[in-house]
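Good morning, colleagues. I would ask you to look at the sequence and the structure on the screen, and I shall then go through the strands, the domains, the contact between the chains and the core in turn.

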Amino acid sequence: MTEPVNKMPIDAGIKPALTSLLYQLADDDFILAYRGSEWLGLAPHIEEDVAFSSISQDTMGHAAMFYQLLEDLGEGTVDSLAHARKAAERRNAVLLEAVNGPGHYLSTAQYDWAFAVARNYFYIQSKKIRLDSLKNSSYQPLAEVALKVNMELYYHLLHWKTWFIQLMKAGGEARTRMELAIGKVLADFEGVISLGPLAKDMAEHGLIEPEEVLKQRWLLIMKPVFESINLAVSEADLAMKNGNGRIGEHTADLDDALATLSEVYNINPAASW
Amino acid sequence: MLIKTALEALHNVMDPEIDTISIVDLGMLEHIEVEGNSVMVKLLPTFMGCPALDIIRKNVEIEIDKAGVFEKIEVRFIYHPPWTSDRVTETGRLKLKEFGIAPPPKLISETGEWHVDCPFCGSTYTTMENLFGPTACRSILYCKSCRNPFEAMKPVSTMM
């Protein structure tokens with residue numbers, strides 16, 4: 001759909017770190033956009049249904065741009081990268097693949113809105129920090145994509161931050177459920193922050209800043225927000241409880257999601273939909 | 001001469017959902033190049049996930065083909081420079097209003113606030129109902145003066 005941007009000669013030494021980074025960016029957005037789309041028709045009210053599906057659509061657009069960069073590097077077509085890769089080949093953070101809650105979106109969904117708010121807010125903020133850094137990436141096509149994605153992120157961040165603060169300030173059941181959800185999100189948030197085994201190479205090649213710098217920036221930006229709602233969060237709370245998605249470790253939730261989302265694609269991978 | 005023909009054709013390609021405004025007035029046209037009987041058009045998507053892009057591509061091909069002078073028509077979507085809402089032309093702003101959609105606010109103050117006037121009665125006494133609207137590039141508002149709900153194009157800037 002978009003113009004191939006691979007006009008830059010790629011130094012063979014950079015390629016493993018570059019593709020590794022692009023897979024993480026693409027797979028993170030792809031699976032979270034999918035989880036977001038499962039909320040359609042189930043969000044707390046109709047305005048939220050419109051907003052959340054709009055955000056998910058944007059996010060899927062971002063995944064498509066990152067997959068396009070991979071296609072330009074000879075990794076396969078955008079469609080096959082999105083649909084045809086098995087769970088073990090995916091590099092998304094485990095937190096982002098987790099189901100929205102018990103049940104199925106077609107019949108018995110008992111989705112957890114608190115988890116949706118906490119997961120999306122924390123993730124979008126870390127994505128914003130990552131994209132701000134990528135605006136200065138040494139790989140020009142990625143820097144250009146980052147500039148475009150960043151403009152759309154402004155609205156996503158505003159949206160989730162508003163929900164987060166309002167529910168945290170609401171007290172009662174809202175507060176209790178939010179605190180539970182935050183605990184669940186933090187238990188796997190290290191997996192979101194992580195840039196995987198090649199993080200050092202990425203920084204050395206100037207593709208993105210070091211993982212630790214980005215992590216500290218996230219903690220710094222979140223600090224006043226946490227203080228304003230009287231919530232104690234420390235660096236030590238960030239963990240990787242359910243596996244390291246950056247090395248292909250995933251949960252059964254991802255297998256189920258992939259089976260559903262690639263069902264139509266797998267009927268005839270050569271067809272144009 | 002041929003480039004003028006192609007450009008005129010592009011003015012006939014309307015936004016698939018807002019049929020009063022052309023893609024040129026929306027600020028989507030970045031580059032047009034004619035070489036012999038070939039024409040290449042480079043367009044900027046407003047939002048990346050926009051599902052209308054394939055329809056727009058097809059409509060560009062159809063409109064240019066109507067001129068009957070081009071043998072090869074190529075349409076590409078590029079994202080650099082990124083589309084920003086200040087690319088909408090003055091004519092475009094007028095056409096949006098005619099359709100009932102408030103044009104994107106021109107200036108974003110340092111606080112990030114923006115104000116939208118009602119496209120029907122011009123009142124500034126409006127409230128935001130939903131930042132997100134029926135498409136990625138629109139928001140839903142309500143005019144407290146004439147009591148009409150309306151849509152506005154979102155401001156999009158690289159400063160955000």
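I begin with a strand pair in chain B: β5(B) and strand β6 of chain B, residues 138-143, are paired in the antiparallel sense, with four bridges between them. One residue pair to locate here is Thr126(B), whose bridge partner in β6(B) is Cys143(B). Please keep in mind throughout that this is a predicted model.

The pair belongs to an open sheet of four strands in chain B, ordered β4-β7-β6-β5, with mixed pairing. Why is one side of β4 and of β5 of chain B left without a neighbour in the sheet? Both β4 (101-102) and β5 of chain B stand at the edges and have a single partner strand each, so one side of each has no neighbour in the sheet.

Let me now step back to chain B as a whole. Three helices and seven strands are found in chain B, and along the sequence they follow the pattern α-β-β-α-β-α-β-β-β-β. Its C-alpha atoms fill a box of roughly 55 × 30 × 25 Å along the principal axes. Of the 160 residues in chain B, 39% are buried. Among the contacts in chain B with a separation of 6 or more, 54% join residues 24 or more positions apart.

The domain assignment divides chain B into domain 1 (2-77) and domain 2 (90-153). Taken over C-alpha atoms, the centres of domain 1 of chain B and domain 2 of chain B are 27 Å apart. The contact between these domains takes eleven residues from domain 1 of chain B and ten residues from domain 2 of chain B. On the side of domain 1 of chain B that touches domain 2 of chain B, five residues are nonpolar, four polar and two charged.

I turn to the contact between the two chains. Chain B gives 20 residues to this contact and chain A gives 23 residues. Which elements of chain B give two or more residues to the side that touches chain A? They are β3 (72-77) and β5 (126-130) of chain B. By class, this side of chain B holds twelve nonpolar, six polar and two charged residues.

The next topic is the core. The largest nonpolar core has 108 residues, and Leu21(A), Val117(A) and Ala118(A) have the most contacts inside it. Domain 1 (2-77) and domain 2 (90-153) of chain B both contribute residues to this core, so it lies between them. Setting aside residues up to four places away in sequence, Val117(A) touches Trp160(A), Trp163(A), Phe164(A) and Leu167(A).

A further residue of chain A deserves a look. Ala181(A) sits in helix α7 of chain A, residues 172-186. Is Ala181(A) buried or partly exposed? Ala181(A) is partly exposed, because 19 other C-beta atoms lie within 10 Å, whereas a buried residue needs 20 or more. Apart from neighbours within four places in sequence, Ala181(A) is in contact with Asp112(A), Ala114(A), Phe115(A) and Ala118(A). Ala181(A) and Ala114(A) are 67 residues apart in sequence, yet 5.8 Å apart in space from C-alpha to C-alpha.

I close with confidence. Chain A has a mean pLDDT of 94, and 96% of its residues reach 70 or more. Over residues 1-6 of chain A, however, the pLDDT is below 50, although this stretch has 14 contacts in the model beyond near neighbours in sequence. Where pLDDT is low, predicted coordinates should not be read in detail.

Terms used:
Residues are numbered from 1 along each chain as its sequence is written. Chains are lettered from A and ligands numbered from 1 in the order in which they are written. This is a predicted model: local features need pLDDT of at least 70, side-chain atom pairs count only at pLDDT 80 or more; totals for chains, interfaces and linings use all residues. A nonpolar core is a set of buried Ala, Val, Leu, Ile, Met, Phe, Trp, Tyr and Cys residues joined through C-beta atoms within 7 Å. A residue is buried if 20 or more other C-beta atoms lie within 10 Å of its own, exposed if 12 or fewer, and partly exposed in between; C-beta atoms are placed from the backbone. Domain bounds come from an automatic or database domain assignment. Two residues are in contact if their C-beta atoms, placed from the backbone, lie within 7 Å. Ala, Val, Leu, Ile, Met, Phe, Trp, Tyr, Cys and Pro count as nonpolar, Asp, Glu, Lys and Arg as charged, and the others, Gly among them, as polar. Two strands pair if DSSP finds at least two bridges between them. pLDDT is the predictor's confidence in each residue, from 0 to 100.
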